Amino acid sequence: MFLPFRAVFILPLLVLLLSGCASLYFPPPPQVPLLTQKGEWSAGVHTNLSQNTAVQGAYALTNHLGVMGSASFLHTNKKKEAVDHDFAELGVGYFTRLPDKRVLEIYGGYGGGRTKRVERNPTEGVTRTLEAGLNKYFVQVNYSSKEKKSYHLLGRDWPLTYGTAMRASYVTLTDFRLDGQPAFNEDNILFEPITYARVKLIGPLDGQFISGYNFGLKHRKYLKAANSVFQIGIVVNLGGQTGEK
């Protein structure tokens, strides 16, 4: 039900090798707050090799109802292309702690933003400009694994826990323009199963590694599953039940 820890590092390399075609959608990392009781909150910051950075937060309104939100952004200016991508999403859902201390969460939500890519080469300059709005509806299931490990390094133990998140999203382009001219607004259904691993750093602060796949169920030219969901970041949970999740 989960992938081994080494898969956290192997899968991103495979995804990067298989995702050579550019897409206008850069998926934010699935948020896994692992809420356990009313008043608990979770916050995190993640980024990846593509500089796709996300700031996330979640709060438990009741003992089983939680809300979560995130904002992600990517701004790069390279020789062959420049990318400006800003996206935000908000979700609400149910969480519970299972008898064996694992956590199960089910969320649904909406996201939106803007994306722009300018392609160029040294001889011709700008060769193509693509820009559009993005709308997204998603459902997501998170759960933590019973398996736990601890690694001894630098004179101390580093507790490690695992879990899985499965997210399905319906994403659409709006007001899509190709070189300034109106173009067909594509849509796609994206499925993003991921595995995360958390290592306890100090107090409530954890380091988190996210790795997985991004599948597009429709064949699309500009809105495809072509960007990695690999992320590395830090997460903090405060106000929750004690004990490993």
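Visitor: Is Arg117 buried or exposed?
Guide: Arg117 counts as buried, at 5% relative accessibility. Buried means under 20% relative accessible area, exposed over 50%, and partly exposed in between (1.4 Å probe, protein chains only). This is a predicted model: local features need pLDDT of at least 70, side-chain atom pairs count only at pLDDT 80 or more, and totals for chains, interfaces and linings use all residues. Residues are numbered from 1 along each chain as its sequence is written, and side-chain values use heavy atoms, with hydrogens and water left out.

Visitor: Which side chain meets Arg117 in a salt bridge at 3.8 Å?
Guide: That is Glu81, N to O. A salt bridge is a side-chain nitrogen of Lys or Arg within 4 Å of a carboxyl oxygen of Asp or Glu.

Visitor: Which parts does the pair tie together?
Guide: Arg117 lies in strand 5 (residues 103–121) and Glu81 in strand 4 (residues 81–97), so the pair ties together parts 36 residues apart in sequence. Strands (E, at least two residues) are DSSP runs, numbered from the N terminus.

Visitor: What network is Arg117 linked in?
Guide: A network of salt bridges links Arg117 with Glu81, Glu119 and Arg128. The Arg117 and Glu119 side chains meet at 3.0 Å, N to O.

Visitor: How many salt bridges does the count come to?
Guide: Eleven. One of them joins Arg167 and Glu89, with the closest N and O atoms 3.2 Å apart. Both residues, Arg167 and Glu89, are buried.

Visitor: New topic. Where does Gln51 lie?
Guide: Gln51 is in the loop between strand 1 (41–47) and strand 2 (53–60). Gln51 has a positive phi of about 70 degrees, although it is not a glycine.

Definitions and conventions: Helix = DSSP H or I, 4+ residues; strand = E, 2+ residues; numbered from the N terminus.
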